[in-house]
Structures are given as structure tokens and as C-alpha cells.
Amino acid sequence: MTTPEEMTWMRRAIRLGSMAEGNTSPNPMVGAVVVHDGLIIGEGYHLKAGTPHAEVHAINAVTDRRLLPSSTMYVSLEPCSHYGRTPPCADLIINSGIRRVVVGVTDPNPLVAGKGIARMREAGIDVVTGVAEDECRSLNRRFFTWHEKKRPYVILKWARSADGFIDLLRKPGDAPEPNWITGMVERVLVHRWRSAEDAILAGGGTVRADNPELTVRFWSGRNPVRVIISRSGEMDHASAAFNSEAQTILFTCNEKTDFPGVRVIRLSGDNNFLGEMLPVLYEMGIQSLFVEGGACIIRHFTEAGLWDEARRFTGTVRFNEGVPDPFPDFTPAEAVKFEKSILEYTYHF
């Protein structure tokens, strides 16, 4: 039975792991804490793929190594048992002398998948598993979805007016720019969200109507890979989404479409374009996809059930008419209020 103390230390490990959000892909976010007599004597988290794992940082932070045999390590994800870009963490723990390890959740990676736990137990370490398991899975929901569902974790995001429209009706000749519904605070938040995901997606209609750059500008972080879907492929080559600020992939049915510096992938032309696109992104190692519209694209994801999380802003501005909310059956699980909007979340996993 999990104790309150175990939950406390595991949640500290989860908090540590979350500090590297947006920086560890394709690796998971992991935190580790070494506890001796109710006090943390070492802690750390995985900073970036290819660098030391959380367990390494936590053990290296312990100044008096004589305390390790009588200490407990709390780690949010099962320690690895294979040689990748770094040595196995299970071996490091065994060699450190730590005799008790509490693991939040088993690693779904087939290269690990229980092998790290088994190796530590074989070495005589008391291993406890499943502490704050749901919270540990949630921390790495992108990583788990990629391994278990063989596709990226899909986040849908859009904003609607107070009367339920996501955009005004556009007329030929209208300037390609967004009709803002939210305030600057919300825009900064959206850029933070972008920095946490591997890829960002928009449809050709959104590119033509809003001319979005789809990069991280109001937050510090990496730009996600830009994914554009356009059956026709008819977009201005000077559109911001095709600039050199980030890698761009275009999925299109147009055999003649060519954008300099853009990777073009041809679609078959049938209605199952998500069924064609998502496996390609999976094979590219893209673990998360942030979908910013437009209405038709979001509707395709929801109707196909190929989404995991949705974030909807509802502003105070009224459009009176326009493009309707693409997800009318949205049932919020939680909400946050801003000066100019309300942000609602719902989940599908």
C-alpha cells in the first residue's frame, strides 16, 4: 500500500521531471529523488536527450555516498536497462549501493519494459512500483501515446467568440491576418504550449486566411516542426509558415506543388488523410502534434477520434456570424479564466 510519504517524494520527482518540458524529446521527462531519514540528499532530472538521465544527476548530487545504502530513490519512470546514448541507469543504481527504489510507472519502450525493474530486483534491491502511477503517466502522456498507439499525442487548440464562431466569414481580397479573440496573455501561453510540442499543424485554409508563422516568439524555447495539410497545395510561397525559421512539412494531393526548403509528402486524395499522415509523423519520431486549425482540420480529428486533449478559448468579443465552433460537443473537464477569455480543457485518453 502506498504511503503518504511515498506520494510526497514521488510528486517531487514528477515536479522535477516537468521542469524539462519541451527539451527531452524523443526521451521522456524523468525526475529522481534520493531520500535518507526523511530528507532529500540528492535530486535531479533529465535535461535533454543524449545527456545524463535523472538518476545520474540525483546520485551525483549526494555529497556523502556512505548514506546511499540506507537511502531510497524515488524515480518517476522505470530506470533504463539498455545502452543507448548513455549507460543503463539500472546498473548505476545497483553499483551505487542503493537498496530500495520506488518507481512511478513502467517504461513502455520495448527496450526497457520491465527489464530495468527486473535487473534491480535480481541484484537484491527492494523495488516498489506503481506509486502515483497515473500522475507519472500523465507527465509523459506524449511518450506513452507514441509507444502504445503508434502515433503522436494530438492536442487540439482553437478560440471562439462569445457567440460560438472561430472566425469571421472571409471575402475575396481580405487581408491574410487573424481576427483576434484572445488577449496577449493567452497568446504568450499558446507560444509556451508550442515550445513543448514536437510539431504544430495547420490547414491550408488557415495559412491563406491568417498567414501564421507557427513558431515560438513570445516564449523561450524551440520551434516545433511545422506541418501543413492542403489538398490543393495552393498557398502563397511567401506565407510566413514557409519561412526559414523552422522545419516545414507539407502534406498535399497536388503532384506539382513545390515549395523551396519544404519537405512535400503526397497524399492519395481519399478522405482518410489523417490515417495517411499520422503514421508518417510516427515514423519520423514526432511524439506530439499541436493542432491549431482551422475548423475543417479540427473537425476531421474529432470525428475520427484521433485526438487526446483539447484546449478551447472562449472570448468576450462577439462576431454575430462566421465560421462555427468545429467541436460543439466539447465537454470541459477544467477551466481557467483570463481577462479576455475563458480557457477550457478536455481529455480523450
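Predicted model: local features only at pLDDT ≥ 70, side-chain atom pairs only at ≥ 80, totals over all residues.
Local features rest on pLDDT of at least 70 and side-chain atom pairs on pLDDT 80 or more, while totals for chains, interfaces and linings use all residues. Residues are numbered from 1 along each chain as its sequence is written, and side-chain values use heavy atoms, with hydrogens and water left out.

Two packed helices are described by the angle between their axes and the distance between the axes. Helix H9 (residues 273-283) and helix H10 (residues 295-304) pack at about 90 degrees, with 11 Å between their axes. Helices (H or I, at least four residues) and strands (E, at least two) are DSSP runs, numbered from the N terminus; axes are lines fitted to C-alpha atoms, for helices over the stretch in contact, and angles run from 0 to 180 degrees between N-to-C directions. H9 and H10 are therefore roughly perpendicular (65 to 115 degrees; under 35 is roughly parallel, over 145 roughly antiparallel, and the rest oblique). On the H9 side, Phe-273, Leu-274, Met-277 and Leu-278 meet Ile-297, His-300, Phe-301 and Ala-304 of H10, where contact means heavy atoms within 4.5 Å. By class, seven of these residues are nonpolar, one is polar and none is charged (Ala, Val, Leu, Ile, Met, Phe, Trp, Tyr, Cys and Pro count as nonpolar, Asp, Glu, Lys and Arg as charged, and the others, Gly among them, as polar).

Aromatic side chains come next. The whole structure holds eleven aromatic pairs, taken as rings of Phe, Tyr and Trp (its six-membered ring) with centres within 6.5 Å; planes under 30 degrees apart are stacked, over 60 edge-to-face and the rest tilted. Trp-193 and Phe-290 form an edge-to-face pair, 6.2 Å centre to centre with 75 degrees between the planes. This pair links distant parts of the chain, as Trp-193 in helix H7 (residues 184-195) and Phe-290 in strand S12 (residues 288-291) are 97 residues apart. Trp-193, at 8% relative accessibility, counts as buried, and Phe-290 is buried at 0% (buried means under 20% relative accessible area, exposed over 50%, partly exposed in between, with a 1.4 Å probe and protein chains only). The rings of Trp-193 and Tyr-345 have centres 6.4 Å apart and planes at 70 degrees, so this pair is edge-to-face too. Tyr-345 lies in strand S16 (residues 341-347), 152 residues from Trp-193. Together, Trp-193, Phe-290, Phe-313, Phe-338 and Tyr-345 form one aromatic cluster. Arg-311 lies over the face of Trp-193, 4.5 Å from the ring centre, and the charged end of Arg-312 sits over the ring of Phe-330, 4.2 Å from its centre (NZ of Lys or CZ of Arg within 6 Å of the ring centre and within 35 degrees of the ring normal).

Helix H6 (residues 141-149) is largely enclosed by the rest of the structure, because seven of its nine residues are buried. Among these buried residues are Phe-143, Phe-144 and Trp-146.

The backbone also has some points worth a look. Most residues other than glycine have a negative phi, and most peptide bonds are trans. Ala-132 has a positive phi of about 55 degrees and is buried at 8%. The peptide bonds from Ser-25 to Pro-26 and from Gly-293 to Gly-294 are cis, each with omega near 10 degrees.
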